[in-house]
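Please read it with the sequence and the coordinates at hand.

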Amino acid sequence: MKIDNCSGEIIKGEGHQDLREVYAAVQQYFPPDGNIPEPLMFTAPQYNTWIELMYDQEEEKILEYAEAIINNGMPPGILMIDDNWQEDYGVWQFHPKRFNNPKKMVERLHELGFKVMLWTCPFVSPDSATYRYLAKKGLLIKNKEGSPAIREWWNGYSAILDLTNPDTIAWYKEQLDTLMNEYGIDGFKFDAGDSVYYRNDDQCAESIHANEHAEYFARLGLQYSLNEFRACWKMAGKAIGQRLCDKAHSWDEGGLGSLIPNGLAQGLMGYAFTCPDMIGGGEYQNFLANSKNLDQELFVRYAQCSALFPMMQFSAAPWRVLDQEHSQYCLEAANLHHQFGEEILALANHAAETGEPIIRHMEYSFPNQGLTNIKDQFMLGNDILVAPVVKKGMIKRLIHFPVGLWKGDDGSVVEGPCEKEVDAPLSRLPWYRKIS
């Protein structure tokens, strides 16, 4: 392994006997603060409007999506209204032509059992009155020449809020708090914030490294218990809902094959409150009505792999993109997560106190049993072994059982340590509880 660092000292240690001992360093470098994000993030599925609506985030369509979730038997949870609900980037107000009565919309979503999040980002459109106001107040990042920095990101070119400036934080927080107070919004999806959009020679209220801007963004988000981030820096141990980066609609390590290794890595970095990407992957083109690339088997296995993560998130509606059989399997995965909700929440509270990951590498929970290279199964806490199918066409899979007696979801009992091939038809997510 080679570790590079563009700035600062690399701290090394030795003398630890196993992965659990090494992870004890969390208490020294990123100790947990005793807090968790909103409990509903763990006890129920999340639903994001992105793939269903793309940039057509409109009141009527959002309500239709929410009603369809309930009508198709899915448990209500958190509904995230994604990009383009707002007037403009930096203008955090409901677009008047797309939202007739946003307060009434939110009230209806609450009646259906949802908590509501809105998408937001630290960018400001440079041709807006908001930009002119913020530039005059000195609340935007400047480039090395001293002009407001205009950077390209996935939605075009924008200025960037200087979140090292307390006055900028106050302004941003006022926009978000107004949405909560006037419309009943419950929390926010804090998108972007990636270090690639910043420069080390940017002029800010505080002179910081490009990576540190993600830290300042997350500090803002921590003021809201219902939050989601994708890019973070030095915020391990904090009450942050941390979604994995966008994944492909594929079986390989760019898609489904990456969920378990990436989720385990996040936990070992101190980000215990992890969520996979949207089920099926975030590439919206695969879910368009005329798409020939949708793999229904892959979609189901995505849902099953996500079901016993700390969080799971739907976007593409299973009842729209799948046939009845495959949609039913996704419903079962959502219900399984809901059934495990209180157990997952208890593990989240444990993580907030101890720093231990919620989902754990096999080697972490059962050191020195030859499980170091197992990357396609994981432990939920210390007692639930989860072995999703992550390869196309598999109806059986090999599971590595540690020492102990394990009772499966199918009622079978396996005595470990052993390797055992089990039935794993498309209808099954194999999981086992340690009973002794």
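In helix α13, the buried residues are His326, Ser327, Tyr329, Cys330, Leu331, Ala333, Ala334, Leu336 and His337, and these buried positions pack against α3, α11, β13, α12, α14 (341-354) and β19 (431-434). The model is a predicted one, and the values below are to be read as computed from it.

- Ser327, a residue of helix α13, counts as buried at 15% relative accessibility, and, once its neighbours within four places in sequence are left aside, Ser327 is in contact with Pro318, Trp319 and Leu322.
- Helix α11 (residues 296-307) packs with helix α13 (residues 324-339) at an angle of about 5°, the axes being 8 Å apart, and the two helices are therefore roughly parallel to each other.
- On the α11 side the contact involves Gln296, Glu297, Phe299, Val300, Ala303, Gln304, Ser306 and Ala307, which meet His326, Tyr329, Cys330, Ala333, Leu336 and His337 of α13; by class, this contact of α11 with α13 has 8 nonpolar, 5 polar and 1 charged residues.

**Helix α5 and its surroundings**

- Helix α5 (residues 59-71) consists of 13 residues and reaches 18 Å from its first C-alpha to its last, close to the 18 Å expected at 1.5 Å a residue.
- The buried residues of α5 are Glu59, Ile62, Leu63, Tyr65, Ala66, Ala68 and Ile69, and they pack against β1 (46-48), α4 (50-53), β2 (78-81), α6 (102-111), β13 (313-314) and α12 (318-321).
- The packing angle between α5 and α6 is about 5°, with the axes 11 Å apart, and that makes α5 roughly parallel to α6.
- Glu59, Ile62, Leu63, Ala66 and Glu67 of α5 make this contact with Pro102, Met105, Arg108 and Leu109 of α6, and the residues of the contact of α5 with α6 divide into 6 nonpolar, no polar and 3 charged.
- Just after α5, Gly73 takes a positive phi of about 85°.

**Aromatic pairs**

- The structure holds 29 aromatic pairs, and one of them is formed by Phe42 and Phe273, which are arranged edge-to-face with 5.7 Å from centre to centre and 70° between the planes.
- Phe42 lies in helix α3 (residues 40-43) and Phe273 in the loop between α10 (256-268) and β12 (274-275), so this pair ties together parts that are 231 residues apart in sequence; Phe42 and Phe273 are both buried.
- The ring centres of Phe190 and Tyr224 are 6.2 Å apart and their planes are at 40°, so that pair is tilted.
- Phe190 belongs to strand β9 (residues 187-190) and Tyr224 to the loop between α9 (212-221) and β10 (227-229), and the pair thus links distant parts of the chain, 34 residues apart; both Phe190 and Tyr224 are buried.
- A cluster linked by ring pairs takes in Trp85, Tyr89, Trp92, Phe94, Phe99, Trp119, Phe123, Trp153, Trp154, Tyr183 and Tyr197.

**Backbone features in loops and strands**

- Met54 has a phi near 50°, a positive value in a residue other than glycine; Met54 is placed in the loop between α4 and α5, and its relative accessible area of 14% makes Met54 buried.
- Ala192, in the loop between β9 and α9, likewise has a positive phi, near 65°, as a residue other than glycine, and Ala192 is buried with a relative accessible area of 1%.
- Gly416 and Pro417 are joined by a cis peptide bond with omega of about 10°, and the place of Pro417 is in strand β18.
- Asp410, found in the loop between β17 (396-408) and β18 (413-423), is partly exposed with a relative accessible area of 46%.
- The C-alpha atom of Asp410 is separated by 8.0 Å from that of Pro430, and these two residues are 20 residues apart along the chain.

Note on methods
Residues numbered from 1 in each chain as written. Predicted model: local features only at pLDDT ≥ 70, side-chain atom pairs only at ≥ 80, totals over all residues. Heavy atoms only, no water. Helix = DSSP H or I, 4+ residues; strand = E, 2+ residues; numbered from the N terminus. Expected span 1.5 Å × (residues − 1). Buried < 20%, exposed > 50% of the residue type's maximum accessible area, 1.4 Å probe, protein only. Contact = heavy atoms within 4.5 Å. Axes fitted to C-alpha atoms, helices over the stretch in contact; angles between N-to-C directions. Parallel < 35°, antiparallel > 145°, perpendicular 65-115°, else oblique. Nonpolar A, V, L, I, M, F, W, Y, C, P; charged D, E, K, R; others polar. Phe/Tyr/Trp six-rings, centres within 6.5 Å; stacked < 30°, edge-to-face > 60°.
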